[in-house]
Amino acid sequence: MWQYEKTLQYPVKIANPNPKYAQIIISQYGGPDGELGASMRYLTQRYSMPYNELKGLLTDIGTEELAHMEMICAMVYQLTRNLSEDEIKRSGFDKYFVDHTTAVYPIAASAIPWRAEYIAAKGDVIADLHEDLGAEQKARVTYDNLLRLIDDPDVRDPLKFLREREIVHYQRFGEALGLVTDRLDSRNFYACNPSFDKNCGK
Amino acid sequence: MDDRMTLKHRIGAYTFAIWEMTLYLDTHPHETCALNKRRELMEARCQLIDEYEAQYGPFVRTSEDVKGDCWSWIDGPWPWEYGRGNN
């Protein structure tokens, strides 16, 4: 089960609404490398993980990603409050507005709604951990790209925090991959699949 | 920032540090030094929460989360609502 804490993991306090920024930041909610996909990826993969360290790590990082999703949604929410009809038209936010008003809906910056194809769960620990390392790195690049396009310090500050978290998660997944390969045949990690084969590595 | 917010932020910093140690321990479950560090951080956080609760009332959601005969859990501002008294 999960319990909700009525606070953000890191504060989001944006003084000036900016619907242009909202339209690109929303990609880290419903885009291909966004926080919704990150959480679903890890919380889905954990069931077929063969070792307790990996079950723990995927549960914990999957949980933290939910908190990141909440921060991104808070940013989109604050960037789109109190908009005039004129601002909606001028900023190009009108296309989103016509479908969702100012609800926070999971789409990419390119307007494609969130899709389950953004995540993978192969049921093979090496494939899944490589997927996770790739996902963290891609999310970091997305934050780098957002930081190239955004000047407002109120918006940059939480984005920098989230970018740092991608780096920490990448590090932990790297260690997890090391734990796995240490337990397998060092001459051939692929001799069997410990997520499925009962005596693999024993 | 008033004293209440300063204390809340300090508790938040400990919460974050404890979380970092949690992820680290997931991949280093036998590292005594990290286990002890996490324990120290937990104790320090508990003390700050006691300090907060003595002055300002419940820090986390509890069955005490009632003001008078009203369910105060639903009171705003919610975490995403900056600009509506959530400064």
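1. Helices here are DSSP runs of H or I with at least four residues, and strands are runs of E with at least two, numbered from the N terminus. On that basis, chain A has 8 helices and 0 strands. Its order from the N terminus is α-α-α-α-α-α-α-α.

2. Keep in mind that this is a predicted model. The predictor assigns the complex an ipTM of 0.92 and a pTM of 0.94. For chain B, the mean pLDDT is 87. In that chain, 85% of the residues reach 70 or more.

3. Now the overall form of chain A. Its C-alpha trace spans about 65 × 35 × 30 Å along the principal axes. The chain has 202 residues, and 37% of them count as buried. Take the contacts in chain A between residues at least 6 apart in sequence: 76% of these join residues at least 24 apart.

4. Two packed helices are described by the angle between their axes and the distance between the axes. Helix 3 of chain A covers residues 35–45, and helix 7 of chain A covers residues 125–149. They pack at an angle of about 165°. Their axes are 11 Å apart. Angles over 145 degrees count as roughly antiparallel, so helix 3 of chain A is roughly antiparallel to helix 7 of chain A. The crossing of these two helices is left-handed.

5. Which residues meet in that pair? Helix 3 of chain A contributes A:Ala38, A:Arg41, A:Tyr42 and A:Gln45. Facing them from helix 7 of chain A are A:Asp128, A:Asp132, A:Ala135 and A:Ala139. Sorted by class, this helix–helix contact holds 4 nonpolar, 1 polar and 3 charged residues.

6. Next, the contact between the chains. How many residues does each chain give? Chain A gives 20 residues and chain B gives 9 residues. On the side of chain A that touches chain B, helix 4 (52–79) and helix 8 (153–183) each supply at least two residues. Helix 4 of chain A gives the most, with 9 residues. By class, the residues on this side of chain A divide into 11 nonpolar, 3 polar and 6 charged.

7. Points to check in the viewer. For the packing inside chain A, look at helix 3 against helix 7, where A:Tyr42 and A:Asp132 are among the residues that meet. Then turn to helix 8 of chain A, which supplies at least two.

Key: Residues numbered from 1 in each chain as written. Chains lettered and ligands numbered in written order. Predicted model: local features only at pLDDT ≥ 70, side-chain atom pairs only at ≥ 80, totals over all residues. Contact = placed C-beta atoms within 7 Å. Nonpolar A, V, L, I, M, F, W, Y, C, P; charged D, E, K, R; others polar. Axes fitted to C-alpha atoms, helices over the stretch in contact; angles between N-to-C directions. Parallel < 35°, antiparallel > 145°, perpendicular 65-115°, else oblique. Left-handed = near helix turned anticlockwise from the far one by under 90°. Buried ≥ 20, exposed ≤ 12 C-beta atoms within 10 Å, placed from the backbone. pLDDT = per-residue confidence, 0-100.
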